[in-house]
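Take a look at it first, and then we'll go from the whole chain down to single residues.

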Amino acid sequence: EVMWQGFAFQSEANIDRSAAIERSLNYLRSVFPGQFSAGATRAPPAPPSNGRLPARAYADVALLNIERERLLRTAWQLLGHESELRSVGDFLTADLAGERALVVRAERGRLHALRNTCRRRPHALLNPRRGHLRSAIHCASHSLTYSFDGRLVAGNTPGDLQPLELARHGPLIFARALAGTAAAPPREVWDAVAALQPRSVSELEAAADWKLLVEQWLESPQPQQQFVAPNLLIEQHAEGAMVLQVVPLAPGRSRIRRFDFGAGSTGKGAAP
């Protein structure tokens, strides 16, 4: 609790997250020696003989942290469609498994993917999924101003916004928080979706672990569906296609983002 309060009064640039995690784990090991091993990370639990994960795998905070780092933050995540970023200053935001992401259209049509976090305090700079910025990225709380490519142009907290990896397949926009083995989203998987236009984007929260939702997708495969590891499902239908993206919020709780695509022009892109 004291460490968390200390973070609230430090700039993001001065926070050593790795050291803080190790310090927290050392404390937890001293109090719960049977639950926290001496290693830096805990190996994922082995599946039982029936192929299913043990029940504790769906309620283990340490395991969820490993899944975020090794599976989700290194994977390409769909953020939206280029038609949603028509003008300079248009932006999209997303949750990359606990990492806030921001993609903004800059001058000369360039797209920049940035960490959507204030450098002074760890809070989101922009909250709506989609919107428009007049001339720059502002943090009104701390009088900080950044250009659309993330450079600090005004304010007393040093440092630019941290860039994230950005990729495109046709008009589809992807980002990831950490470098992974895949150089770009697999083209053959996204070809059908890239040929469509965005219709809407919606979200709902589910009282279920993200792995449980993925297991349901895999246990009842449909001819019109294609799973994209680790957390995306593409479903094609007569009117277009749907993409489901499940992101863990906590053990046993997830957010599902649904992207709907259809044939033909929508004029202004997907609804917010």
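## The whole protein

Residues 24 or more positions apart account for 57% of the contacts in the protein, counting contacts with a separation of 6 or more; a contact here means heavy atoms within 4.5 Å. The secondary structure comes to 5 helices and 15 strands. Those are DSSP runs, numbered from the N terminus: helices are H or I with at least four residues, strands are E with at least two.

A quick word on where this comes from: the model is predicted, so to speak of local features we need pLDDT of at least 70, and side-chain atom pairs count only at pLDDT 80 or more, while totals for chains, interfaces and linings use all residues. Residues are numbered from 1 along each chain as its sequence is written, and side-chain values use heavy atoms, with hydrogens and water left out.

How much of the protein is buried? Of its 272 residues, 44% count as buried, where buried means under 20% relative accessible area, exposed means over 50%, and partly exposed is in between (1.4 Å probe, protein chains only). The protein exposes about 14,300 Å², and carbon and sulfur atoms supply 53% of that. These areas come from the Shrake-Rupley method with a 1.4 Å probe; for residues, only the protein chains shown count as cover.

Now find the open sheet of 4 strands, which has the order 4-3-2-5 and antiparallel pairing. Two strands pair if DSSP finds at least two bridges between them. At the edges sit strand 4 (111-115) and strand 5 (130-132), each pairing on one side only. Neighbouring strands of this sheet are turned by 25° against each other on average, direction ignored; the axes are lines fitted to C-alpha atoms, for helices over the stretch in contact, and angles run from 0 to 180 degrees between N-to-C directions.

Strand 2 (residues 90-96) runs antiparallel to strand 3 (residues 99-105), joined to it by 6 bridges. Asp-95 has Arg-100 as its bridge partner in strand 3, and Leu-96 stands opposite Glu-99. Strand 2 also pairs with strand 5, again in the antiparallel sense, over 3 bridges; there, the partner of Asp-90 is His-132.

Most residues other than glycine have a negative phi, and most peptide bonds are trans. What is the phi of Ala-97? Ala-97 has a positive phi of about 55° although it is not a glycine. This residue is in the turn of the hairpin that strand 2 and strand 3 form, with 2 residues between them. Ala-97 counts as buried, at 4% relative accessibility.

Arg-108 also has a positive phi, near 60°. You'll find Arg-108 in the loop between strand 3 and strand 4, and at 77% relative accessibility this arginine counts as exposed. Further along, the peptide bond from Ala-229 to Pro-230 is cis, with omega near 5°. Pro-230 lies in the loop between strand 12 (225-228) and strand 13 (232-237).

## Two rings that meet

A pair of aromatic rings is described by the distance of the centres and the angle of the planes. The structure holds 2 aromatic pairs. One of them is Phe-174 with Trp-190, an edge-to-face pair at 5.1 Å centre to centre with 65° between the planes. Rings of Phe, Tyr and Trp (its six-membered ring) pair if their centres lie within 6.5 Å; planes under 30 degrees apart count as stacked, over 60 as edge-to-face and the rest as tilted.

What does this pair tie together? Phe-174 lies in strand 10 (residues 172-176) and Trp-190 in helix 4 (residues 187-194), so the pair links parts that are 16 residues apart in sequence. Both Phe-174 and Trp-190 are buried.

How many disulfides does a search of the whole structure find? The search finds 0, a disulfide being a pair of cysteine sulfur atoms within 2.5 Å. Cys-118 is in no disulfide, and the nearest cysteine sulfur, that of Cys-139, is 3.7 Å away. Seen from Cys-139, that distance to the sulfur of Cys-118 is too far for a bond. Cys-118 is buried at 0% relative accessibility, and Cys-139 is buried at 3%.
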